[in-house]
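Please open the model in a viewer and keep the selection tool at hand.

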Amino acid sequence: HWSPGEPNNANGEEQCWMRFKDKCFLFKGKGNDIHGTWFFARDWCKDQGANLAIIDSQDENNFVTSYLKDLQHQTWIGLSDLLVENQYWSDGWPVFFTQWGPGEPSNLQDEGCVSMHAAFPFHGTWNDTDCAVAKSYICKISYGTAPSVPGFDDPPRLTGLV
Ligand SMILES: [Ca+2]
Ligand SMILES: [Ca+2]
């Protein structure tokens with residue numbers, strides 16, 4: 001029984017569970033909460049006016065990792081190499097920071113979507129995995145605009161891929 005005009009999710013603010021600096025994170029997949037493939041997660045986040053989360057720094061990775069214990073063992077973030085094999089791109093943003101686990105990205109069976117390990121000993125590290133597996137996921141809203149970096153003026157976008 002929504003009130004008139006609700007749910008309006010104004011600016012994504014009503015979905016903002018966790019704020020970190022000028023960013024807002026939404027962690028999905030706790031307990032019986034929704035899980036999905038990498039594509040489902042990406043689209044779900046977009047529907048909220050957000051993006052599947054890109055981790056920009058060690059500080060941010062630590063922040064996100066501190067909440068992973070509440071989620072399933074692996075949690076989608078917004079990186080894949082679906083566009084160019086072995087080149088990892090966020091959805092339209094250049095990648096400045098990575099936190100690969102030992103031996104990753106391994107590209108086993110052409111895996112191409114990146115999730116974070118929740119469990120020890122690889123807690124908080126990244127792994128390229130099968131995009132079709134249902135996992136928990138993290139949406140993020142970044143306020144402001146993407147930084148401009150020489151050579152990254154026109155990063156490839158995954159928008160057209162399904
Ligand atoms: Ca790959
Ligand atoms: Ca892997």
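## A tour by selection

Begin with Lys21, in the loop between strand S1 (18–20) and S2. This model is predicted, and the backbone at this position deserves a first look: Lys21 is not a glycine, yet its phi is positive, about 55 degrees. Is Lys21 buried or exposed? Lys21 is exposed, because 12 other C-beta atoms lie within 10 Å, and a count of 12 or fewer places a residue in that class.

Next, colour the whole chain by secondary structure. The protein chain holds two helices and eight strands, in the order β-β-α-β-α-β-β-β-β-β from the N terminus on. Of its 162 residues, 29% are buried. Among contacts between residues at least 6 apart in sequence, 73% join residues at least 24 apart.

Now select helix H1 (38–47). Its buried residues are Trp38, Ala41, Arg42 and Cys45. Viewed down the axis of H1, these residues fall within an arc of 100degrees, so they line one face of the helix. The spacing has a simple background: an α-helix has 3.6 residues a turn, so residues three or four places apart point the same way. The cover over the buried residues of H1 includes strand S3 (51–52), S4, S6 and S8. After H1 comes Gly49, with a positive phi near 75 degrees.

Proceed to strand S4, residues 74–84, and display its partners.

- Strand S6 (residues 113–117) runs antiparallel to S4 and is joined to S4 by four bridges; here Thr75 has Met116 as its bridge partner.
- Strand S8 (residues 136–142) runs parallel to S4, with two bridges between them; Trp76 stands opposite Tyr137.
- Strand S5 (residues 87–89) pairs with S4 in the antiparallel sense over two bridges; Ser80 is partnered by Trp89.

The hairpin of S4 and S5 has two residues between the strands, and Asn86 takes a positive phi near 70 degrees there.

Which of its 26 residues touch the most other members? They are Leu52, Ala53, Trp76, Ile77, Ile138 and Cys139. At least two residues of this core come from each of strand S2 (23–28), H1, helix H2 (58–68), S4, S6 and S8. S8 gives the largest share, four residues. Centre the view on Ala53: apart from neighbours within four places in sequence, Ala53 is in contact with Phe25, Ile77, Gly78, Ile138, Cys139 and Lys140.

The peptide bond from Glu104 to Pro105 is cis, with omega near -5 degrees. Gln109 is placed in the loop between S5 and S6 as well. Gln109 is not a glycine but has a positive phi of about 50 degrees. Gln109 counts as exposed because it has 8 C-beta neighbours inside 10 Å.

Finish at Asp128, in strand S7 (residues 126–129).

Definitions and conventions. Residues are numbered from 1 along each chain as its sequence is written. Chains are lettered from A and ligands numbered from 1 in the order in which they are written. This is a predicted model: local features need pLDDT of at least 70, side-chain atom pairs count only at pLDDT 80 or more; totals for chains, interfaces and linings use all residues. Two strands pair if DSSP finds at least two bridges between them. A nonpolar core is a set of buried Ala, Val, Leu, Ile, Met, Phe, Trp, Tyr and Cys residues joined through C-beta atoms within 7 Å. A residue is buried if 20 or more other C-beta atoms lie within 10 Å of its own, exposed if 12 or fewer, and partly exposed in between; C-beta atoms are placed from the backbone. Two residues are in contact if their C-beta atoms, placed from the backbone, lie within 7 Å. The arc is that of the directions from the helix axis to the C-beta atoms.
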